[in-house]
Amino acid sequence: MDNPVPPRAAGPGPRRRDRHGRGMRGPIAPPQVPLAASRAEAFADLVQDSVERLERRWPQLADIDFLVLEVPRLDGPGQVWNDEAVPLGGTVPSREGRPARVIVYRRPVEIRTKGRDERAALVHEVVVEQVAELLGLTPETVDPRYGED
């Protein structure tokens, strides 16, 4: 009896699925889709959006480095952790040829917010407050909509 369909030869490539047709077919989402972004990347995007919004009004912000760190580091003597003292951001003034820095701490901000919109609003407030401190201005001067819901 002739077999009309020849048996499939084992090819040199890897098998993509098991013999039942199940298994990994590929990534869940392509890299350009927001689903593939980690929480840290999404948070950094919120900070970048806030900075771009402020740079339109304050072009000198291009000379400032904006950083996102997981948590604040409290090294100094006498500094202790408590719910009231955990900072959401900080500044490092420029010195010895290094640019000034604005730091936003991701985990303390995330803990205090529930959704993306609330997180974006708090990130913007933190960035505005830190820029105001660095420039020696009030937050309302840096962003006239500061404090509005």
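What is the mean pLDDT of the protein, and what percentage of its residues reach 70 or more? The mean pLDDT (the predictor's confidence in each residue, from 0 to 100) is 83, and 72% of the residues reach 70 or more. The model is predicted: local features need pLDDT of at least 70, side-chain atom pairs count only at pLDDT 80 or more, and totals for chains, interfaces and linings use all residues. Residues are numbered from 1 along each chain as its sequence is written, and side-chain values use heavy atoms, with hydrogens and water left out.

**Figure 1. Secondary structure of the predicted protein.** The protein has 4 helices and 3 strands, where helices (H or I, at least four residues) and strands (E, at least two) are DSSP runs numbered from the N terminus. From the N terminus on, the order of elements is α-β-β-β-α-α-α. Mean confidence is lowest in strand 2 (residues 89-92), at 93, and highest in strand 3 (residues 101-105), at 96. Where pLDDT is low, the predicted coordinates should not be read in detail.

Figure 2. The volume of the largest pocket is about 230 Å³. On a 1 Å grid over the protein atoms alone, a pocket is an open set of points where a 1.4 Å probe fits, with protein on both sides within 12 Å along at least five of seven lines; lining residues have an atom within 4 Å of a point. Grid points are joined across faces, edges and corners, and the volume is the space filled by probe spheres set on the points. Of the 11 lining residues, Arg-53, Ala-121, His-124, Arg-145 and Glu-148 are the closest to the pocket centre. Helix 3 (residues 116-135) gives the most to this lining, with 4 residues.

Figure 3. Arg-107 lies in helix 2 (residues 106-111). Because its relative accessibility is 29%, Arg-107 counts as partly exposed (buried means under 20% relative accessible area, exposed over 50%, partly exposed in between; 1.4 Å probe, protein chains only). Leaving aside residues up to four places away in sequence, Arg-107 touches Arg-39, Glu-70 and Val-71, contact meaning heavy atoms within 4.5 Å. The C-alpha atoms of Arg-107 and Leu-69 are separated by 8.4 Å, although these residues are 38 residues apart along the chain.

**Figure 4. Backbone at Glu-96.** Glu-96 is located in the loop between strand 2 and strand 3. Glu-96 is not a glycine, yet has a positive phi of about 50°. Most residues other than glycine have a negative phi. With a relative accessible area of 74%, Glu-96 is exposed.
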